[in-house]
Amino acid sequence: MISQYRCLLAAAALAGTGLLAPVAAQSPGYQPVQGPHTLNPGEWPAHYPFADETEAAVAAPEVHHVRYIDSHVRLVEVAYFPGVVGNMHGHPFPSVFAVDAPVPKSTNTMFDPAHNMKAVVTPPPDGLAYPFCRAASPQNPHHESNLDSYPHHFLRLEFLPGDGADLRKRWPGSGTRQLFEDDHIRLIEVLIRPGEVRRAPASPYPAVLAFDSATPLPQTRGSHASAPLPGFEHLGCAATAPTGPEVTHNTGKAPIHYYRIEFKRIDGDGLKTHWREWYPWMAQLKDAYDRSPNKPNF
């Protein structure tokens, strides 16, 4: 699976060089892309009955940027810059959205509106406007157009099939691993095996917690957690404020396992006026898109 994903990501990189033409956005009436169905085969809503070539990082690399990938998860930064007509694409795996900014005016055209993504939304911590989160099923092909003056920007942590289920073998003991960091967020993986204790220092950052374990997440005062997404027994998320030192004792029979997306900066309404400053790579994409004679086939 992981090698197959790297091949798909390599294709996405080639698309960015112009050596491989991206999939064009299509008007209503388009036909599904033909080809292998290997990423998460089966029936909606738990599975993805569409060709591998429709996967977001391959079919719409102009707005989906992979920041981290291993055999269990993939972190995608989604950035619909102003004016973009996104290419048709889908999301084969269940995921958690981490959101810290408003949603601009946009349109979203779905290939099959009767079978849209299933989701549960968790509100932000008490007293805060952000972050909030959404636990979501695989998402059938769709394309979004940003009609506003600022980006539609959020993080999407996808749970991939792989060897991540055997947590006892992957970890020598309880603890944390930092997987990714930039000037906006940090991605941290947390595991507490049955009977073990985790002592965590204070964190000054609000966060979204994405979990896939059978044991409920530890919660702090004012935080909110979703119920598991119907049909996905262990998929859920929580939104937390900055925390003090914590001690968690796993008294259950299953590992406590989750990912913590910490926001070193909450974009909020500031995204509307500071997005070029905070995301120069996105501004560069926007300017190149405006110069392109091939819109929407960018």
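## Packing of helices H4 and H5

Helix H4, which covers residues 271-278, packs against helix H5, residues 280-291, at an angle of about 95°, and the axes of the two helices lie 6 Å apart. Because angles of 65 to 115 degrees count as roughly perpendicular, H4 is described as roughly perpendicular to H5. On the side of H4 the contact is made by Trp 275, Arg 276, Glu 277 and Trp 278, and on the side of H5 by Pro 280, Met 282, Ala 283, Lys 286 and Asp 287. Sorted by class, the residues in the contact of H4 with H5 comprise five nonpolar and four charged ones, with no polar residue present.

## The chain as a whole

The model is a predicted one, and its chain holds five helices and 17 strands. Of the 298 residues of the chain, 52% count as buried. Among the contacts in the chain with a separation of 6 or more, 74% are accounted for by residues 24 or more positions apart.

## The sheet that contains S7

Six strands, in the order S1-S2-S9-S4-S7-S6, form an open sheet with antiparallel pairing. Its edge strands are S1, residues 64-69, and S6, each of which pairs on one side only. Direction ignored, neighbouring strands of this sheet are turned by 20° against each other on average.

Within this order, strand S4 (residues 95-99) pairs with strand S9 (residues 152-159) in the antiparallel sense over four bridges, and Ala 98 has Leu 155 of S9 as its bridge partner. S4 also pairs with S7, again in the antiparallel sense, over five bridges; here the bridge partner of Val 99 is Phe 132 in S7. Strand S6, residues 119-122, is joined to S7 by four bridges, and these two strands run antiparallel, with Ala 119 having Ala 136 of S7 as its bridge partner. Strand S7 itself, residues 132-136, is mostly covered, since four of its five residues are buried.

## The sheet that contains S15

A further set of six strands forms an open sheet in the order S10-S11-S17-S13-S15-S14, and the pairing is antiparallel. The edge strands here are S10 (175-181) and S14 (224-225), each pairing on one side only. Strand S13, residues 207-211, and strand S17, residues 256-263, run antiparallel and are joined by five bridges; the partner of Leu 209 in S17 is Arg 260.

A disulfide is a covalent bond between the sulfur atoms of two cysteines. With sulfur atoms within 2.5 Å taken as the criterion, the count comes to one disulfide. This disulfide is formed by Cys 133 and Cys 237, whose sulfur atoms are 2.3 Å apart, and the link of these two cysteines is right-handed, with 90° about the S-S bond. The pair links distant parts of the chain, 104 residues apart, with Cys 133 in strand S7 and Cys 237 in strand S15, residues 236-240.

Strand S7 has a place in the order S1-S2-S9-S4-S7-S6, and strand S15 has one in the order S10-S11-S17-S13-S15-S14. Because buried means under 20% relative accessible area, Cys 133 is classed as buried at a relative accessible area of 0%, and Cys 237 likewise counts as buried, with a relative accessibility of 0%.

## Cis peptide bonds

Trp 44 and Pro 45 are joined by a cis peptide bond with omega of about 10°. Pro 45 is found in the loop between helix H1 (2-17) and helix H2 (56-59).

A cis peptide bond also joins Tyr 130 and Pro 131, with omega of about 0°. Pro 131 is found in the loop between S6 and S7, two strands that are joined by four bridges and run antiparallel.

## Val 58 in helix H2

Val 58 is found in helix H2. With a relative accessibility of 12%, Val 58 counts as buried. The C-alpha atom of Val 58 is separated by 8.3 Å from that of His 89, and the two residues are 31 residues apart along the chain.

Key. Residues are numbered from 1 along each chain as its sequence is written. This is a predicted model: local features need pLDDT of at least 70, side-chain atom pairs count only at pLDDT 80 or more; totals for chains, interfaces and linings use all residues. Side-chain values use heavy atoms; hydrogens and water are left out. Buried means under 20% relative accessible area, exposed over 50%, partly exposed in between (1.4 Å probe, protein chains only). Two strands pair if DSSP finds at least two bridges between them. Axes are lines fitted to C-alpha atoms, for helices over the stretch in contact, and angles run from 0 to 180 degrees between N-to-C directions. Angles under 35 degrees count as roughly parallel, over 145 as roughly antiparallel, 65 to 115 as roughly perpendicular and the rest as oblique. Contact means heavy atoms within 4.5 Å. Ala, Val, Leu, Ile, Met, Phe, Trp, Tyr, Cys and Pro count as nonpolar, Asp, Glu, Lys and Arg as charged, and the others, Gly among them, as polar.
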